[in-house]
Amino acid sequence: MPVEYLTEAQEQRYGRYVGEPSPEQLARYFHLDDEDRALIAQRRGDHNRLGFALQIGTLRFLGVFLVDPVNIPIGVITYVAAQLTIADPQCIVRYAERIQTQQEHTLEIRKYSGYKEFSHRCGGFALMRFLYARIWIGTERPSVLFDLATAWLLDKKVLLPGVTTLTRLISTIRERVAERLWQRLSAAVSPEQRTDLEGLLARAGVSRITNLERLRRAPSRASAPVLVQALARLTEVRQLDVGPPGVANVPTSRIKALAQYAVTTKAQNIASLTEQRRMATLVSFARQLAVTAQDDSLDVLDMLIRDLLARSVNSGKKARLRTLRDLDAAALSLAEISEKVITPAWTDEQVRTFLTEKQTRITEAVATIYELARPADDNYYQEIVARYPAVRRFFPALLRTISFASNEAGKPVLKALTFLSELEGQKQPVMDSAPMDVVPAGWKRLVAPQGAPIDRRYYTLCVLERLHEALRRHDVFVEESARWGDPRAKLLTGEPWERVRPTICQSLGRKAEPKMELDELARRLDTAYRATAARFPQPGVRIEKIKNKAGQEVDTLILTGLEKVEEPESLHLLRHRVARRQPLVDLPELLLEIQARTGFASEFSHVSEGRSRLDDLPISICAVLIAEACNIGLTPMIRTGVPALERDRLLYVQQNYIRPDTLSRANACLVDYQAQIPLAQAWGGGEVASADGLRFVVPLKTLNAGPNPKYFGTGRGITLVNYTSDQFSGFKNIIVTGTLRDSLVVLEGLLNQETGLKPKELMTDTASYTDVIFGLFHVLGYQFSPRLADLGESRFWRMDASADYGVLNGLARQTINRNLIEQNWDDILRVAGSLKLGTVNVTDLLRALQGNGHPSTLAKAIAELGRIAKTLYLLNYIDDPAYRRRILIQLNKGESRHSLARVTYFGQKGEVRQRYREGQEEQLGALGLVVNAVVLWNTLYMHRALEEMRGRGMKIATEDIERLSPLGYDHINFLGRYTFSLAEEIRQGAFHPLREVEETEQTESREETGEQRTEPPPEETIA
């Protein structure tokens, strides 16, 4: 590992002081105990005693001995000198005069402290084993491994070697691990599979692309032919896959890393690798693609069934609108006849005569009503039969290709699928034995009308709809799937759970025994009720008697909006003065300056984790980031003659460096830098965050976009769920297809983020609120604080049914079921532990628990626990107007950040034009990174402006500083600049050179003239 792999900060801090140590570090590493003082007292002269003591502290703190005592921070010298009652700390200068004394001291301190020189026998071999294990099971970057190795050496009391020695050691071990990995994977391939895998690098028939590139193309739209093609692709990939047994002894993370390289690089790059590495890369690609191709097929199936049902509903509604006039006429005709029949003055004879005369009219009206009217539970299923031919195009291939599994709730669907699979190939299948427990009431009158045999068409369509529902709630699932598997199988169980259970309880602050936990919650809830009742009513809060749906008058809470807080003149003046001091800057210059200050570009590593030999790589990365974040493409970034901005360079960087994982690491670098600025700390400590969605229209046919007329009109789109800290930094982005209910994803951003922030409270809009979410937030140690749009509909729960809460008794009408929580307490802790350790995805788990409106017992227990947490929150919400205002302020930060993102993402009408999930994540991840860079730049210069104003003697109120915002952008040029220079040769009459003719145009030209295309030699590789 060359030293170039290290960041500038790593090089500066390795074995050196970087700034003053914190008070905690001084107390931990430089405090001298009695033994230290006794050893130091043996030295003669204050300078020797001080130098000896500083050597001890520096060894503990840095893992090395002093080279030049003059470079020690003055705070360290003063701290140690005070312990030794040395009046003149500057005497340390004399300690540097005699090198031999320092050498004698280092030998004595090594013996006293138990430190060893780094060598193969003393720490070197053990460090190699430690690093070998880390590299084998993980994919940490070299710079991360360097920090881990440094920490290991300090912990084992081994003197730090030179930076070159350590980097070369890490590089050597990484090479050994890579060779072992390639050997194991290539050895798992049979000769026939080897031939097939090598065939991936050949051209696909007469096509100009290789088989590798053909298989990498995922389906981008939903239709029956596309699903058939996706299933055929899955079958082809499975023939190449060595299967789980072939890679059983290889960590999954290593396989994914190799597969990622195969997915992003060109085929000729893979062909140029050594034989073992090439085969290992292709094996990993086939293994990973077998999983993703299956997920892609199910994604197409999901959207296809959803569209099929939606179109049937639309067709039914249109047909119903066309027939409403006839239905109204028939109903009015019957009403007219009935009105005359029930006239009291008529005799029975007159009624019979009248009905006989109107018999034809009555018969026609009744027939019309039965023909046109629909039952209350009708879902327009009868229109869906028109789609049956389209279903038959893919259904047999679906049954042949994908093996479904299920839990207990999904067994009826699985049984029906097995029955339909057995019918395939039969000319006149008998439907009498079809399992009917899968057919709900709404389908039964169509599937099996009274006295008629089972209709295979309706039965198949019914099973397909039930399969769709079961897949989405994971009652039916597939093995080896990232998106359609069984999340419950990933929960900790058995011995692994028992081993980590005490640690999980301690880290989450939860009691292992449910009674102790619930007793504490009952005490808190009772105290909160009594405190709120004693202070009730608060301004803007009252209780009124309002009739519920049953017609009963019940106590209902009424909450009026908060009054506007007028901004003082001093705040307006401060904003004006700060804004006037903000420098005018172009976006590229801003991004390059932030890169120079933070070094975030060093977090972008090559997809192969190989060493980059590109000069001015940060410039290329910043250019690609702006192209993505502004949605303008690479063309405006290209500068001919500037190597870092040439087209080929930018394309190479975009394909090999810009990935969701590198964007996330770079973003964490900016967020952590922001957290260190005093002005950002005045806005908040990073413990509070908000989550809100930013919608984007996707004007392409793609699986990764969903409909929502409110936000996307007649088109489709995606939602970027952005997590904003109280310091205005965005620490996590999650992309959601369409507008998935926010409650399914709000927790994911807290559990899976890489920054140094540790938010404990999350504020959201009402759409994110469910009792299950409250329960999961509580058990994981977070505070969930949604802004409630209609507080009157919220339920208040109590744990003591007989407690008297005065004016709040009418609100606390529901009682918590303690037994339900106690019986499922261990499973609740198991869910929390699995989420904390990252063994299961929280969004998939929530879908499985909630069961599409049919929650499991565990979900009900979590919701019951959530009702306690929700009631505690509601009581605080109505009792504290300042708390409500704090929630509003934090949500406004997120919404204002969205405005900045909209301004930044100005190209192509602000639409996302990426078909695939990975492209969407990369583009919107770049947008989040650039927005964070703007926020950080604004914060830095606002802080400098405040310091300059204080230097002039201006008084600035702390409360005004807290209300400043770094989300302004009037001083930033996002749109580029126009140049009005003309080349001298053009001025004198010459023309611009024509652009180069593309190869495709050359081919078309040859075809028009009848010229034959010359085939390339066999050894040429085209990608």
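This is a predicted model: local features need pLDDT of at least 70, side-chain atom pairs count only at pLDDT 80 or more; totals for chains, interfaces and linings use all residues.
User: Which residue forms a salt bridge with Arg-510?

Analyst: The general idea comes first: side chains of opposite charge can pair when their charged atoms come close. In this structure the partner of Arg-510 is Glu-517, with 3.5 Å between the closest N and O atoms. Glu-517 is buried as well, at a relative accessible area of 5%.

User: Where do Glu-567 and Arg-963 lie?

Analyst: These two form a salt bridge, their closest N and O atoms being 3.9 Å apart. Glu-567 sits in the loop between strand E4 and helix H26, and Arg-963 in the loop between helix H41 and strand E14, so the pair ties together parts that are 396 residues apart in sequence. Glu-567 is partly exposed at 30%, and Arg-963 is partly exposed at 33%.

User: How many residues apart are Glu-213 and Arg-216?

Analyst: They are 3 residues apart, about one turn of helix H12, which holds both of them. Glu-213 counts as buried at 12% relative accessibility, while Arg-216, at 22%, counts as partly exposed.

User: Which residues are linked in a network of salt bridges?

Analyst: One such network links Arg-233, Asp-296, Asp-299, Arg-483 and Arg-917. For the whole model, the count comes to 55 salt bridges.

Technical notes
Residues are numbered from 1 along each chain as its sequence is written. Side-chain values use heavy atoms; hydrogens and water are left out. A salt bridge is a side-chain nitrogen of Lys or Arg within 4 Å of a carboxyl oxygen of Asp or Glu. Helices (H or I, at least four residues) and strands (E, at least two) are DSSP runs, numbered from the N terminus. Buried means under 20% relative accessible area, exposed over 50%, partly exposed in between (1.4 Å probe, protein chains only).
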